Amino acid sequence: MTTTNTAAPYLDIHPEVAAALAAGKPVVALESTIISHGMPFPQNVQMAREVEQIVRDHGATPATIAVLGGRLKVGLTPDELHLLATDKNVQKISTRDLPVTVALGGHGATTVASTMRIAALAGIRVFATGGTGGVHRGAEHSMDVSADLLELAQTDVCVVSAGVKSILDIGLTLEVLETHGVPAITLGSSEFPAFYSRGSGFASPLSVQTEQEAARVLKAKWDLGLTGGVLLASPIPAEAEIPAADIAPHIAQALRDMDALGLTGKDTTPYLLGRIVEITGGRSLETNIALVKNNAKVAARVAAELAALK
Ligand code: PSU
Ligand code: MN
């Protein structure tokens, strides 16, 4: 990607994050769509605060990213986190939306794609989320392929996620990542994980055993001039997972309900996540929170190992 310092006047990097970056200390980017559109209040703001603390407890500085009043915010205050969690005027914004939200001075919660781009502008290389977007089921007709995949193809950031949400077509998602030269690497398993579940039935294209190995992969990739991102998949801890066979009928139900409502495009992922929380009586929300926390821990360790290699 082309990172130019013409972006600097649009960025507000929190002083704590700026100090860590200047000192070469580990920093972990965190996204905000998961707060505004991925979980209900008040669990969303509580999750956001706890995830920041987990990053700190594992030796890195958290930088939650959003667009507020048209400013690219890297690192948020508690009041800003609260606004994202509660204000209905906050839009879900992906890369395509960034120039409009900036130019018109709006509020936007950033997806994986737009968070990656802002993280890269700020010089942050490691990012934790819940699950990455991917190729939607039925994409051969809808053409609904998340911009997260195209951002991974071009922006030099490692995204730590619990794999790809099982509301998506995981096989096609892995194909698109391969086409774009994006390493999809699973930490500690030979099977690619499926967000709520440790297993997806798909072999992971690549694996590493430790966060230190993951950091060495990142250094090698970028040293070699292989631009673009890495998807580091971290399976949800066994005690927190919903096994694939248990969640499958609930996902099928949510997809049917979505089709009946005629929802498409950017509204699908928030609807499906919310509907699955309803159908599972809240269990999937607990699972989602557990996997995000685990990813924050892994990302902090990768960022620390990467900082030690430089
Ligand atoms: N992970 C979660 N919850 C979420 C998301 C990820 O646990 O809500 C969000 C991310 O912001 C991701 C987005 O980029 O879902 C995917 O949206 P879409 O399918 O429209 O690209
Ligand atoms: Mn989409």
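Reader: Besides Lys 92 and Val 112, which residues does the UniProt annotation "binding site" cover, in the entry that lists these two?

Author: This is a predicted model. The annotation comes from an unreviewed UniProt entry, and along with Lys 92 and Val 112 it covers Ser 146, Ala 147 and Asp 148.

Reader: What is the largest C-alpha distance among these five residues?

Author: The annotated residues Lys 92, Val 112, Ser 146, Ala 147 and Asp 148 are spread over 57 residues of sequence.

Reader: Is Asp 148 buried or exposed?

Author: Asp 148 is found in helix 8. Leaving aside neighbours within four places in sequence, Asp 148 is in contact with Thr 111, Val 112, Ala 113, Thr 132 and Gly 133. A residue is buried if 20 or more other C-beta atoms lie within 10 Å of its own. Asp 148 has 27 such atoms, so Asp 148 is buried.

Reader: How many degrees is the angle at which helix 6 and helix 8 pack?

Author: Val 112, Ala 113, Met 116 and Arg 117 in helix 6 meet Ala 147, Asp 148 and Glu 151 in helix 8. By class, this contact has four nonpolar, no polar and three charged residues. The axes of helix 6 (residues 112–122) and helix 8 are 8 Å apart, and the angle is about 25 degrees. That makes helix 6 roughly parallel to helix 8, at an angle of about 25 degrees.

Reader: Which residues come nearest to ligand 1?

Author: The shell around ligand 1 has five nonpolar, eleven polar and three charged residues. Helix 2 (33–36), helix 8 (147–154), helix 12 (268–279) and helix 13 (283–309) each supply at least two residues of this shell. Of the 19 residues around ligand 1, the nearest are Gly 38, Thr 111, Gly 130, Gly 133 and Ser 146.

Reader: Which residues is Asp 144 in contact with, leaving aside its neighbours within four places in sequence?

Author: The unreviewed UniProt entry also has a "binding site" annotation that covers Asp 144. Asp 144 lies in the loop between helix 7 (139–142) and helix 8, and counts as partly exposed because 19 C-beta neighbours are inside 10 Å. With neighbours within four places in sequence left aside, Asp 144 is in contact with His 136 and Ala 139.

Reader: Met 143 and Phe 195 each have a positive phi although neither is a glycine. Which of them is buried?

Author: Met 143, with phi of about 60 degrees, is in the loop between helix 7 and helix 8. Phe 195, with phi of about 65 degrees, lies in the loop between strand 9 (184–187) and strand 10 (206–208). Met 143 is exposed, with 9 other C-beta atoms within 10 Å. Phe 195 has 30 C-beta neighbours inside 10 Å, so the buried residue is Phe 195.

Key. Residues numbered from 1 in each chain as written. Chains lettered and ligands numbered in written order. Predicted model: local features only at pLDDT ≥ 70, side-chain atom pairs only at ≥ 80, totals over all residues. Near = placed C-beta within 6 Å. Helix = DSSP H or I, 4+ residues; strand = E, 2+ residues; numbered from the N terminus. Nonpolar A, V, L, I, M, F, W, Y, C, P; charged D, E, K, R; others polar. UniProt positions renumbered as here; feature names shortened; annotations may be inferred. Buried ≥ 20, exposed ≤ 12 C-beta atoms within 10 Å, placed from the backbone. Contact = placed C-beta atoms within 7 Å. Axes fitted to C-alpha atoms, helices over the stretch in contact; angles between N-to-C directions. Parallel < 35°, antiparallel > 145°, perpendicular 65-115°, else oblique.
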